[in-house]
Amino acid sequence: MVNSYYKSDFRSGVSDGHIPSISTDIDSVRAFQFEVHFTGVPGGAEPRDLTLAAKKVSSVTMTSEDIVVDRVNDKTYYPGKVTPEEVTITFDNIYLKNTDKKLWDLFTETYDPVTGHLGDASDIKIGKVEVVLLDNRLEPHSVLSMYGAYAKKYALSELQYSENQFNTIEVNFRFDYLDVTSN
């Protein structure tokens, strides 16, 4: 006779019309649940805030370089200079928001090809770029805050008749400091 261990211990309650509860304690933050906010955007009379539809955010990365100390028979490593890497944010080019113009204006604070004006740090730095990670209820879970960011590259997606996709704009940002907070 077959042992009913599986049915009795792992499926108890199913036959009685009850559904077993599923734990949500180990749920993860989803890759598609995020928002991007810009605070203190340069340009105009005074800094402003900007929220645009972001489609994709590349990896937000800080890297600590190694200091290698060669000794007689071995090597020892110490943490060295910390370097933030560029972040690429892909935006949907939305008609009503004039996304392409707003992002171009942001880039021209760094370098304006029409006038040749090259912005300095006090003119081009965005106060804060926040990537807000959302939980399953779409409430903020944690925030990646990049301080001292500026637009380094502006790239309009390829335009062609054979594609049936929305137009996007990629902007690369360089930043000075990163802070990660959790709610």
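Start with the rings. The count of aromatic pairs comes to four. Bear in mind that this is a predicted model.

Take Phe38 and Phe91. Their rings sit 6.1 Å apart, centre to centre. The planes are 35 degrees apart, and the pair is tilted. Where do Phe38 and Phe91 lie? Phe38 is in strand S1, residues 34-41, and Phe91 is in strand S6, residues 87-92. So this pair ties together parts that are 53 residues apart in sequence. Buried or exposed, Phe38 and Phe91? Both are buried.

Phe38 has another partner, Phe173. Here the ring centres are 5.7 Å apart. The planes meet at 45 degrees, so this pair is tilted as well. Phe173 belongs to strand S9, residues 168-174, while Phe38 belongs to strand S1. The pair therefore links parts 135 residues apart in sequence. Phe173 is buried, like Phe38.

Phe38, Phe91 and Phe173 make up one aromatic cluster.

Now the pockets. The largest pocket holds about 260 Å³ of space.

For anyone thinking about the probe, here is the general idea. Rolling a probe the size of a water molecule over the atoms shows where empty space is left.

Last item: Ser145. Which strand holds Ser145? It is found in strand S8, residues 140-156. Its relative accessible area is 5%, so Ser145 is buried. What does Ser145 touch, leaving out residues up to four places away in sequence? On one stretch, Lys128, Val129 and Glu130. On another, Tyr177, Leu178 and Asp179.

To recap: one aromatic cluster of Phe38, Phe91 and Phe173, a largest pocket of about 260 Å³, and a buried Ser145 in strand S8. Over to you for comments.

Conventions: Residues numbered from 1 in each chain as written. Predicted model: local features only at pLDDT ≥ 70, side-chain atom pairs only at ≥ 80, totals over all residues. Heavy atoms only, no water. Helix = DSSP H or I, 4+ residues; strand = E, 2+ residues; numbered from the N terminus. Buried < 20%, exposed > 50% of the residue type's maximum accessible area, 1.4 Å probe, protein only. Contact = heavy atoms within 4.5 Å. Phe/Tyr/Trp six-rings, centres within 6.5 Å; stacked < 30°, edge-to-face > 60°. 1 Å grid on protein atoms, 1.4 Å probe; cavity = no way out; pocket = protein on both sides within 12 Å on 5 of 7 lines; lining within 4 Å. Points joined across faces, edges and corners; volume = space filled by probe spheres on them.
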